[in-house]
Amino acid sequence: MKTSARNELSGKIIDIKSGEVMSEVKVEVAPSVIVSATITKEATNSLGLVIGSEVSALVKSSSVIISKEQLKATARNIIKAEVVEIKSGQVNSEVKLKVGENMICAVVTNEAVEDLSLTVGSTAYGIFKASSVILVA
């Protein structure tokens, strides 16, 4: 399956908490790196998700926020990573963060890259909401 989502983080489901309408699914995408996704309970059932299932977590690059500091935030996904590439355009830059064998790609303004002093080799945090994650089984 091909998608326009720049981020495809593969991993194994380690926890599922289901309510009446929604489920929170936790996927380990690298050792000790967990991505949380909130999806409908109906989607959880129709995908046949169970602990131990292999899934891919898709996240659009425009949904990823970058910080140089670990923040306390309502976003469930705050992932420490290494900046491995910065590709600058006229207005925006594509910033790639390495997380284990996976990459997180964020599209942010050139001004944000400058303000945060992002450089290849520096540490940064990729931040995105659990509701921004699409799971593919």
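**Exercise 1.** Which residues have the most contacts inside the largest nonpolar core, and how many residues does this core have?

*Solution.* The model is predicted, so to speak, with limits: local features need pLDDT of at least 70, side-chain atom pairs count only at pLDDT 80 or more, and totals for chains, interfaces and linings use all residues. Residues are numbered from 1 along each chain as its sequence is written, and side-chain values use heavy atoms, leaving out hydrogens and water.

Begin with the term: a nonpolar core is a set of buried Ala, Val, Leu, Ile, Met, Phe, Trp, Tyr and Cys residues joined through side-chain atoms within 4.5 Å, where buried means under 20% relative accessible area (1.4 Å probe, protein chains only). The largest such core has 31 residues, and F128 and L135 have the most contacts inside it. Among the strands (DSSP runs of E, at least two residues, numbered from the N terminus), β1 (7–18), β2 (22–30) and β9 (123–128) are included in those that each supply at least two residues of this core.

**Exercise 2.** Which residues does L135 touch, leaving aside residues up to four places away in sequence?

*Solution.* With contact taken as heavy atoms within 4.5 Å, L135 touches V25, V27, A37, I39, L47, L49, V55, S56 and A57.

**Exercise 3.** What is the strand order of the open sheet of five strands?

*Solution.* Two strands pair if DSSP finds at least two bridges between them; the order is β3-β2-β1-β4-β10, with antiparallel pairing. The edge strands, β3 and β10 (134–136), each pair on one side only. Between β2 and β3 there are eight bridges in the antiparallel sense, and E24 has T38 in β3 as its bridge partner.

Notes: Buried < 20%, exposed > 50% of the residue type's maximum accessible area, 1.4 Å probe, protein only. Helix = DSSP H or I, 4+ residues; strand = E, 2+ residues; numbered from the N terminus.
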